[in-house]
Amino acid sequence: MRVCIVGAGEIAKVHIKGVNKIEGAQVVGILDRYYTRGEMLAEMVEEGHGNPIAYVDYEKMLKEQNPDVVHICLPPNLHFSYAEKALQYGAHILVEKPFTVTLKDAERLYEIADSKNLKICPMYNHLFDKAALEVKDLVHSKSIGDVVNVESYYGFNLGGAKSKYNLKGSAHWVYDTPGGHLLNIGPHILSTMLEFTGADNVEFIPMAINRGKAREGMFDEYRVLIKNGKNTGSFTLSLNANPYFHFLNIYGTKSSIFYDIANWHFKKQALNPKFPNALARATNNLSVSWKGITSTIGATLQSLTGRLTHFDGMWELMSQFYQSIEQDLPPPVSKEVNLATVRGLETIENVTSIQSV
């Protein structure tokens, strides 16, 4: 599998580490507008996974290297044009979030890919964390019954004065792209929620405010209601509230799942019908508390020993995407979830840019 990386920024380093874990994957080219950055990234490629050439000319790289897969690790406003070019040259594409800035661009990429029998995958890595995979199995196996409602909360820390996300002089793409922080964080929230609410004919009802952290014309608090047939959902994106919670609650007809994404553990809750309500609630609370203690300790130990990292979901998604290419399987993130995520972000941005509260 011949691989090219487009963009040699921080996130590209994580992509290289992921390719290093995939048997048979060979990084053959790295593109960046600065040649030396491409060379520095090439040094991260481990023995047996290629000896990549650094490029500053995209078309030259595609012609000379004829890649099977191209990773797009650029700012969002460049995703469409670079992804389109890769598809035209016959490469499958893995695109960093947000997939594209507009739904029209996303649909066009799928049109090209479908016509050439190529695969597309967005980097919605929260869906592929170890705990998330277990949650998906529980939900899709109907272990909690039918999904009734999905609730998500994502608190995001802009960091201190030297943070790339800090509003004082940051060069991060969020400050040059309409939608800003919504496009940076929103894809994680929406893609995870839509996996469980369903992605067909979803309605989005957004509102947003600026409490002062975001510059004029941007927002630092979002609240969005979601409806899909009999399923409903809601999410909050906050750059202000402390601590910076990150969770997903899935409510079903038989039981519910509370998934602490930030700490990599979840708790399934159901009242024992054999007990009186008061006793059932008490035993459930004890069971959930014990589960929270043991899973938190387990996740912490795995993190400290290097067996669990923040990027495991990215590497799992990459592995499944490469496997889908080799075995001609559907990509790990469905077209329906991806297009609904892009449409949701575009809808939220368009409404909140006009009507904020």
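**Exercise 1. Which helix gives the largest share of the lining of the largest pocket?**

Before starting, note that this is a predicted model in which local features need pLDDT of at least 70 and side-chain atom pairs count only at pLDDT 80 or more, while totals for chains, interfaces and linings use all residues. Residues are numbered from 1 along each chain as its sequence is written, and side-chain values use heavy atoms, with hydrogens and water left out.

*Solution.* Begin with the pocket itself, whose volume is about 1300 Å³. A pocket here is an open set of points on a 1 Å grid over the protein atoms alone, where a 1.4 Å probe fits, with protein on both sides within 12 Å along at least five of seven lines, and lining residues have an atom within 4 Å of a point. The volume is the space filled by probe spheres set on the points, which are joined across faces, edges and corners. Of the 42 lining residues, Gly9, Glu10, Ile11, Cys73 and Trp173 are the closest to the centre of this pocket. Next, look for elements that give two or more residues to the lining: these are helix H1 (10-20), helix H2 (35-42) and helix H7 (180-197), where helices (H or I, at least four residues) and strands (E, at least two) are DSSP runs numbered from the N terminus. The largest share, four residues, comes from H1.

**Exercise 2. Describe how H1 packs against helix H9 (residues 312-326).**

*Solution.* First, take the axes, which are lines fitted to C-alpha atoms over the stretch in contact, with angles from 0 to 180 degrees between N-to-C directions. The axes of H1 and H9 come within 9 Å and cross at roughly 55 degrees. Second, classify the angle: under 35 degrees counts as roughly parallel, over 145 as roughly antiparallel, 65 to 115 as roughly perpendicular and the rest as oblique, and H1 and H9 are therefore oblique to each other. Third, list the contact (heavy atoms within 4.5 Å), to which H1 brings Ile11, Val14, His15, Lys17, Gly18 and Val19, and H9 brings Met314, Trp315, Met318 and Tyr322.

**Exercise 3. Describe the packing of helix H4 (residues 79-88) and helix H5 (residues 103-116).**

*Solution.* The axes of H4 and H5 lie 10 Å apart, at an angle of about 5 degrees, which makes H4 roughly parallel to H5. In their contact, H4 supplies Phe80, Ala83, Glu84, Leu87 and Gln88, and H5 supplies Asp105, Arg108, Leu109, Ile112, Ala113 and Lys116.
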